[in-house]
Amino acid sequence: MASGDFCSPGEGMEILQQDADSETVKAAKVWKLAEVLVGEQQQCQDAKSQQKEQMLLLEKKSAAYSQVLLRCLTLLQRLLQEHRLKTQSELDRINAQYLEVKCGAMILKLRMEELKILSDTYTVEKVEVHRLIRDRLEGAIHLQEQDMENSRQVLNSYEVLGEEFDRLVKEYTVLKQATENKRWALQEFSKVYR
């Protein structure tokens, strides 16, 4: 229908009836929408309260689980420490044995190298000559030790004489030194008068 057209009274009623039906449908839809919204709002509030309860329960369980985990970690830590101490002492003992064996092997290697150097350095003839020199030196040392023992015995016999002997020794030393000084002076005078 165009804006300038007129409608008949029957048609007007029909349009009004349609408008009224349309308003009723709209009102029913709004009412239904309001009921749906109220239901959804109630569901939302129920869901929020359930969520709160679940969060509280979750927090309680988290706290309980955290405490249990902490106790478990402490226990594990203690067990690891004890196990590590036991295994550490065993490991230290094994390491000490290993180092002892290795040190012995190194000493043997050093001795082998020393002997190798000695065998490369000294021929059989040189070793024989060194043996003769050693024997002579040992003989000379033995003679010196005997001489020293004899000197000790003589000294001990003089020490038995006591303080008088000490005084005589000092006097003899002074006289000997004076004689040495006079002998030196005579030599010097002799050089000058020649």
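Let's start with Arg183. Its relative accessibility is 46%, so Arg183 counts as partly exposed. Keep in mind that this is a predicted model.

What does Arg183 pair with? Arg183 forms a salt bridge with Glu180. The closest N and O atoms are 3.7 Å apart. Both residues sit in helix α3, residues 163-193. They are 3 residues apart, so about one helical turn separates them. Glu180 is partly exposed too, at 43%.

Now step back. The protein has 3 helices and 0 strands. From the N terminus, the order is α-α-α. How many salt bridges does the structure hold? There are 8.

Here is another one, in helix α2, residues 124-159. Arg131 bridges to Glu128, with the closest N and O atoms 3.1 Å apart. Arg131 is partly exposed at 37%. Glu128 is partly exposed at 40%.

Next, helix α1. Arg93 and Glu90 both lie there, 3 residues apart. Their salt bridge has its closest N and O atoms at 2.4 Å. Arg93 has a relative accessible area of 41%, which is partly exposed. Glu90 is partly exposed as well, at 36%.

Now the surface. The protein exposes about 18,600 Å². Carbon and sulfur atoms supply 62% of that. Where is there a nonpolar patch? Look at Leu70, Leu73, Leu75, Leu76 and Leu79, which make one of about 470 Å². Leu73 is found in helix α1, residues 9-121. At 51% relative accessibility, Leu73 counts as exposed, because the cut-off is over 50%.

And what is buried? Buried residues make up 1% of the 194 residues.

How values were computed: Residues numbered from 1 in each chain as written. Predicted model: local features only at pLDDT ≥ 70, side-chain atom pairs only at ≥ 80, totals over all residues. Heavy atoms only, no water. Helix = DSSP H or I, 4+ residues; strand = E, 2+ residues; numbered from the N terminus. Buried < 20%, exposed > 50% of the residue type's maximum accessible area, 1.4 Å probe, protein only. Areas by Shrake-Rupley, 256 points an atom, 1.4 Å probe, with all protein chains shown as cover. Patch = residues over 30% accessible without salt bridge, like charges linked within 9 Å, V, L, I, M, F, W, Y side chains within 5 Å. Salt bridge = Lys/Arg side-chain N within 4 Å of Asp/Glu carboxyl O.
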